[in-house]
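Please read the following account with the structure open beside it. It moves from a pair of helices to the chain as a whole, and then to the surroundings of a ligand.

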Amino acid sequence: MDYTLPVFLAELAAALAVFGYALRRRLRHLLLGRPENRLDSIGRRIWGFIGLVLGQRKVLKEKFGIVHLVIFWGFIVISLGTLQFVGEGLKEGFTLPFLGSNPYFYLVKDIFSIMVLGAVAAAAFRRYVIRPERLEANLDAAIILAMITGLIVTELVSSGLAQLLHAAPGREMAPVYNLVAGLAAASGAGKEVLLVQQKVWWWMHVTLLLGFLAYIPYSKHMHLLAAPFNVFLRNLKPRGGQINPVNLEDEEAEEFGVSRVESFTRKQLLDLYACAECGRCQDNCPAYLSGKSLSPKQLIHKLKDHLSEKGDALARAGKDGIKDFAGKELIGEVVSEDEIWACTTCYSCQEQCPVTNEHINKIIDMRRSLVMDRGEFPQEAVLACRNMEKNFNPWGIGWYSRGEWSKDLGVKVAGVDQPGAEYLYWVGCAGSFDDRSRKIARSMVKIMREAGITFSVLGSEEKCCGDSARRMGNEYLFQTLAAENVSLLNELGVTRIVTHCPHCLNTLKNEYPAFGGNFEVIHHTQLIAGLISQGRLQFREDLEGLRVAYHDSCYLGRYNGEYEAPRKILRAIPGVILLEARRNRGRSFCCGAGGGRMWMEEHGGMRINGMRVDQLLEKGPEAVGVNCPFCLTMIDDGLKAREAEEKVSAMDVSEIVARYLEYRAAADEEEDTAVEKAS
Ligand code: SF4
Ligand code: SF4
């Protein structure tokens with residue numbers, strides 16, 4: 001009697017039971033979260049899935065990504081081969097439709113088998129010999145790599161022996177099968193012996209395969225199951241508008257932030273299982289790299305462990321019993337307050353994450369809990385918020401003086417003396433109150449006048465856009481500011497806005513639509529680049545050259561995808577030499593001021609702005625070109641800390657433009673002097 005089928009079915013049932021038990025447990029944990037609809041725009045979701053999962057687009061951003069691509073696609077092709085392999089072991093003559101006797105399929109599968117073995121060896125060498133910090137040289141990864149190797153080797157040997165014993169159609173082009181068959185024939189072993197050997201290798205393969213299936217949901221390779229769903233359900237909103245909204249009117253809400261893991265949304269919890277523990281996020285996180293306690297990878301990892309622990313407790317106690325949960329508190333014990341406040345919301349982690357995890361929303365949700373539910377947040381942040389509440393700017397300077405910077409320039413005020421201007425110039429708090437940034441605003445006035453643009457400002461009626469308040473977790477303050485700004489802009493009939501600061505750009509463009517503010521918003525570098533293209537700005541050629549290392553800000557670059565406009569401007573100026581920092585564009589390094597960090601002290605480790613300045617100074621610049629007033633302050637401070645401010649100055653791109661501009665229109669002497677001083 002042939003026991004192959006019953007024994008196989010018994011093994012399969014056992015593997016499915018172990019697999020199903022773990023999967024059910026994980027699913028129950030996920031369902032603890034709040035529902036969130038991520039099933040809009042199915043076409044875009046499928047398209048992104050193709051690029052990110054099948055094309056491994058983000059994985060391939062780094063050289064070693066090719067190894068993962070080979071393993072991923074090898075896995076798919078070899079799995080088809082495995083179906084045929086297992087099928088013919090169970091039933092003689094079994095043939096998969098289209099593939100089972102197709103010689104090209106076996107050729108491709110054989111080639112993939114060799115490539116995957118090479119890729120697994122490379123991955124093991126990297127993880128256990130090179131040992132990059134971001135990858136853990138743990139047992140879990142070793143088990144998975146050993147299992148993949150075992151699966152391929154057992155299939156190749158068993159199929160090669162089968163080929164020798166009873167040649168099946170389609171295998172004649174498979175080089176490894178033929179090699180194994182040749183070696184077995186040369187060994188001189190008898191047919192009976194070879195038959196037994198072939199059967200043993202087949203069983204080894206089947207047992208490994210089912211063991212692999214059972215092991216997946218218990219290991220980090222749970223990401224094989226969760227990541228494709230996670231990518232499909234990714235956030236499709238513009239990057240700058242992805243912060244989870246809070247319904248402050250909800251009287252039923254127990255909390256506005258997240259202080260318990262089950263208060264995250266189901267998608268936020270799915271992120272935890274989708275994580276491949278690749279460490280790309282950590283490798284690009286300015287907080288982690290500067291020695292702060294935050295690592296986005298560890299954050300995800302800790303949340304996952306906590307979810308498992310609490311999820312199991314819930315399963316035992318029922319939802320009502322959770323109040324008696326004696327495990328760790330999410331904030332303070334699982335994730336420290338230092339970690340929560342260390343994030344600059346630079347988006348570098350999310351830019352790199354191959355499974356589209358969303359770290360920033362989780363951090364902001366926990367900040368909201370500290371700020372709005374508990375009223376516990378850093379003193380400096382309290383002060384900045386109080387200033388924004390009272391004077392509508394984080395510095396706390398009298399709100400009525402907001403428009404003073406432009407009084408001597410005769411800039412028109414919207415709704416007062418400038419009807420029908422082409423643009424509303426949104427100056428922002430820095431441009432209005434910070435002495436250094438005021439000079440940049442004056443440069444912008446000069447440039448727009450030179451190009452013949454009509455514009456107005458809101459003067460003392462402009463209020464902080466609320467970017468820092470929202471990212472510090474003070475959603476109430478943000479929504480108050482947003483509502484007041486939107487109401488005024490709508491009342492004035494404003495349609496086109498040019499912002500001084502990329503944080504204002506992001507907020508007005510991507511966040512105000514949710515509050516009824518729908519405007520065409522551009523950044524000042526985008527306006528200037530357009531004016532240069534139209535030939536409305538000309539530059540002098542008789543001035544001394546300038547070597548400019550350009551710094552991509554997070555909120556213009558990663559959040560709003562604008563990398564070209566500032567570069568186009570700098571390339572257009574005769575004498576300016578554009579220098580690219582080692583970390584540039586999507587991999588640019590934050591200056592340290594985002595996420596409300598501008599208003600807080602930096603504790604522990606190195607200063608982020610110092611690290612960025614070091615990267616920029618590597619290029620030997622005479623100036624660092626920036627596009628953001630926060631970056632300007634941070635880079636300026638960093639240059640001073642390195643005692644480099646005598647040789648290298650931080651300059652906004654618009655200041656460089658103003659310095660080199662050939663003034664054909666009437667720009668008065670006084671303004672010239674002011675801008676010259678600024679640069
Ligand atoms: S947003 Fe930036 S600072 Fe925050 S965790 Fe991600 S990489 Fe780190
Ligand atoms: S969160 Fe994303 S980038 Fe970070 S370790 Fe996990 S998979 Fe890698």
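At roughly what angle do the axes of helix H22 and helix H23 cross, and within what distance do they come? In this predicted model, the axis of H22, which spans residues 524–533, and that of H23, which spans residues 564–572, come within 8 Å of each other and cross at roughly 45 degrees. Because angles from 65 to 115 degrees count as roughly perpendicular and those under 35 as roughly parallel, H22 is therefore oblique to H23. The crossing of the two helices, H22 and H23, is left-handed. On the H22 side the contact is made by Thr525, Gln526, Ile528, Ala529 and Ile532, while H23 contributes Ala565, Pro566, Lys568, Ile569 and Ala572. Sorted by class, the contact of H22 with H23 has 7 nonpolar, 2 polar and 1 charged residues.

Turning to the whole chain, the domain assignment gives domain 1 as 4–30 together with 62–232, domain 2 as 252–376 and domain 3 as 382–678. Between domain 1 and domain 3, the C-alpha centres lie 56 Å apart.

The last stop is ligand 2, which is surrounded by 15 residues, the closest being Cys275, Cys278, Arg280, Cys281 and Cys353. Helix H10 (280–283) and helix H12 (296–317) each supply at least two residues of the shell around ligand 2, and H12 gives the most to that shell, with 3 residues. By class, the shell around ligand 2 divides into 9 nonpolar, 3 polar and 3 charged residues.

Note on methods. Residues numbered from 1 in each chain as written. Chains lettered and ligands numbered in written order. Predicted model: local features only at pLDDT ≥ 70, side-chain atom pairs only at ≥ 80, totals over all residues. Axes fitted to C-alpha atoms, helices over the stretch in contact; angles between N-to-C directions. Helix = DSSP H or I, 4+ residues; strand = E, 2+ residues; numbered from the N terminus. Parallel < 35°, antiparallel > 145°, perpendicular 65-115°, else oblique. Left-handed = near helix turned anticlockwise from the far one by under 90°. Contact = placed C-beta atoms within 7 Å. Nonpolar A, V, L, I, M, F, W, Y, C, P; charged D, E, K, R; others polar. Domains from an automatic or database assignment. Near = placed C-beta within 6 Å.
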